[in-house]
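Please open the structure in your viewer and keep the selection tool at hand. The stops below are meant to be taken in order, one selection at a time.

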Amino acid sequence: MITFLASHRFTAAMIPAGILLFLTIFLGRFFCGWICPLGSMIDFADLFIKRKRKLTRNTARFRWIKFGVLTALIVMALISVQFAWLFDPLALSNRTFTTSIYPIFAVLIETVFGWLWPITGLQSALMSLHEFLESWLLPLNLHFISQGIPIFLLFLGILLLSLIAKRFWCRNICPLGALLGIFSKYRILERTVRGVDCTNCRICRVDCRINAIEDNFINFSKVECIDAFDCASGCPENAVSYKFKVKGVLPSRIDFSKRRFLQSVGTGVLSAGLLKIDFVNRETRGNRVRPPGALPEAKFLDQCIRCQECVRVCTTTGSLLQPAWLEMGWEGIWSPIGSPREGYCEFTCNLCGRVCPTGAIHLLDLPKKQKTRIGTAFFDRNRCIPWNSGDNCMVCQEHCPTPEKAIIFREGEFITGEKKIKRVKYPYVKEDLCIGCGICVTKCPVEGTAGIFITGEGEERFEEQEF
Amino acid sequence: MAMLSRRKFLSASSKIGLLALLPPIAPPRTQFRLFDRAYKPTPDLFVAKTGAPAELVRRVVRGLGGMEKFVHKEDVVVLKPNMSWDRTPAQGANTNPEVVAEVVRLCLKAGAKKVRVFDRTCNEARRSYEHSGIAEAAKKAGADVYYVYKRNYVRVKIPNGERLHSWRINKDVLNADVLINLPTAKNHSISKITLGIKNLMGYLGDDRGKIHRHFSQKIVDIASILRPQLTILDATRLLLRNGPQGGNLDDVRWIYTVVGGTDMVAVDAYGASLFGLDPETLGFLEEAYKRGLGEIDLKKIRIHKV
């Protein structure tokens, strides 16, 4: 969401974001309390977390951090280094579910099947059950996604912050919370306390998961309040209620000093600088492909929020895409790259473009996508079976999906170790026909490194204006 | 919670240990049903030309003596169409769905308990099942259509194998009473064309890519143990170039022909002639003939036009 500030484009996904911001002006951070999936998961995890101190700690002194994070991210975006995805709660939730939680779940179910499978007489029942499960819940084939561990650890770290205080992340770090908080400054949904009924019992102050209630139990911070209504439901005297108050709106203070602001700007500038000077080896970068319809690299990195939606849908078809680690540099962490030894770009599929929420992958219609080159295949003649050992093989050619095959054979002589001459069909790549889908690499029967590989050679990125 | 004492732990674990001594509920099956049914192929081919695909199939099966000859009451039948590719019926990469549906109907009419249709696809399974049109057509005709499950394979010995001595094969095929092979006629780079014998690869587990080296010998090794009682070749259209998955409509020629026979090798030999190829020049057919799996001499194959 904040990501959109970093990109210089208007996309359809910005409309709900705009509506949300508009409503926030009046209602406050209702998103954090009622919609945010990360917030819900933090609340859920809270059920299992035992804090040393029973009373919720007052963490107001850390509130500034989230504004600092937001400032730094915006500053970075202005220098055209988009890193908002790292902490965006929506992207973060989706990323964690796609790369770790769902795969763990699927593997565990599959493990149970593995335990039961050897029992004679149970197999047909298990197969029916599996058939039923795979119709709505389980993947047909388990395709593992890389980076599940670091992505999960970041998520786990966020959940564990609740050890310090309830919703510590939402209170003090979440940049989206900060942005919404700023918009809530003048909200008209007012928390009112009937002073006569209030017994100063402190229950509301302790219950408030977001630490928004001031020491007098009457005042609250409009910037912090997430409309969870803990205070209203927990008040033994029913003294707390929420009402719209249009006249005489009292704004709340944003806990962000000038000094902290300048520190955050400095941090942002420095981080952006460090990321900009990152040396990305031409070899590691050039050997990787991006999804079909991806914007030119710099724009792509600006727009991609690492939500892993493309990776998720890709595992249901060809399974080409994987989140990167450092292959595309620090700036490219967790952005989708091709991993053709594990999977390929399915010829009749354009799902990645369909699901991309930011337009980093442009939706190409199928005929266009089928002609869009994401890379080019090259034979490794030291490994390819006909080239290396003089035996015919044609798995790559068989799978090549272009209507006019991009892999062809030319017959030639092969001299064996015993100096005998054999006739062999040598495979070649017709570069003008190859689209770099990588199915040849996936299906190559050579163990380990395939006899054919893909590089980004000749890749076509989607340009918005074509002259 | 009550503490678990050492005594309790030992007694409980020994009880659980005793369970391991129980005999298995049923002894594991060593012999599979597919190998039980007598198999006597004859080089008689029934060829139907010009007509709607379903009608062609009916004519061929009538010529063969009716489906009842192969499918008995309460039989479990497995059909092997080619549905490997994420391609539409018009592109000619997969078996014509109308042919598959008609065979399903004939099997059920003959009294089959179950007709099963599945394939280990080359492209993603859901896409191939749907886009080939076969999943829908076969389901409508009354077949069980499902995806293969990775655990449902068993290693089978290949007694007379030259290159392969065992391979993992889908259990549902091995447990079937009748196996009907429904290949489609396509161009293929190494074997030149792909027909019935190659179609059997859809039942193999493991890394099938490994088969493609010394292809003729290996595929015939497989054919020596997986022997369909009936092969019906869908040559309603030929994929002439860029096989086995095509994609270009110009490469497809419609000839509205269906060929049926009990000798899979003879069916393939006849199929080769449809492409204007001499069966004896095709490595896998020559190999199959050499091992006595079937007839490839077109003069010795008896062709009945139906």
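In this tour, two residues are said to be in contact when they have heavy atoms within 4.5 Å of each other. Please also keep in mind throughout that this is a predicted model.

**Chain B as a whole**

Begin by selecting chain B, whose secondary structure comes to ten helices and twelve strands, and whose C-alpha atoms fill a box of roughly 80 × 40 × 40 Å along the principal axes. Of its 306 residues, 59% count as buried, and the chain exposes about 13,100 Å², of which carbon and sulfur atoms supply 54%. If you colour chain B by charge, you will be looking at 50 positive and 31 negative side chains, with the centres of the two sets lying 8 Å apart. Among contacts between residues at least 6 apart in the sequence of chain B, 74% join residues at least 24 apart.

**B:Val100**

Next, select B:Val100, which has its place in helix α3, residues 97-109 of chain B, and which is buried, with a relative accessible area of 0%. Which residues is B:Val100 in contact with, leaving aside its neighbours within four places in sequence? They are B:Leu79, B:Pro81, B:Thr95, B:Ile134, B:Ala138 and B:Leu182.

**B:Pro244**

Staying in chain B, move to the loop between β10 (230-239) and β11 (252-261), where B:Pro244 is found. Most peptide bonds are trans, but the one from B:Gly243 to B:Pro244 is cis, with omega near 0 degrees.

**A:His399, with contacts in both chains**

Now select A:His399 in helix α20, residues 395-399 of chain A, where the residue is buried, with a relative accessible area of 6%. Leaving aside neighbours within four places in sequence, A:His399 is in contact with A:Ile439 and A:Lys443 as well as with B:Trp85, B:Cys122 and B:Gln245.

**The two domains of chain A**

Zoom out to chain A and colour domain 1 (1-196 + 243-277) and domain 2 (282-455) separately. Their C-alpha centres lie 34 Å apart, and 27 residues of domain 1 are in contact with 24 residues of domain 2.

**Two residues with positive phi**

Most residues other than glycine have a negative phi. A:Trp334, however, has a positive phi of about 65 degrees, and you will find A:Trp334 in the loop between β3 (321-323) and β4 (336-338) of chain A. A:Lys419 likewise has a positive phi, of about 60 degrees, and lies in the loop between β6 (407-415) and β7 (421-429) of chain A. Is each of them buried or exposed? A:Trp334 is buried, with a relative accessible area of 5%, whereas A:Lys419 is exposed, at 72%.

Counted over all chains, the number of disulfides comes to zero. A:Cys204 is in no disulfide, and its nearest cysteine sulfur, that of A:Cys201, is 6.3 Å away; A:Cys204 counts as buried, at 12% relative accessibility.

Note on methods. Residues are numbered from 1 along each chain as its sequence is written. Chains are lettered from A and ligands numbered from 1 in the order in which they are written. This is a predicted model: local features need pLDDT of at least 70, side-chain atom pairs count only at pLDDT 80 or more; totals for chains, interfaces and linings use all residues. Side-chain values use heavy atoms; hydrogens and water are left out. Helices (H or I, at least four residues) and strands (E, at least two) are DSSP runs, numbered from the N terminus. Buried means under 20% relative accessible area, exposed over 50%, partly exposed in between (1.4 Å probe, protein chains only). Accessible areas come from the Shrake-Rupley method with a 1.4 Å probe; for residues, only the protein chains shown count as cover. Lys and Arg count as positive and Asp and Glu as negative; His and the chain ends are not counted. The place of a charge is taken as NZ of Lys, CZ of Arg, CG of Asp or CD of Glu. A disulfide is a pair of cysteine sulfur atoms within 2.5 Å. Domain bounds come from an automatic or database domain assignment.
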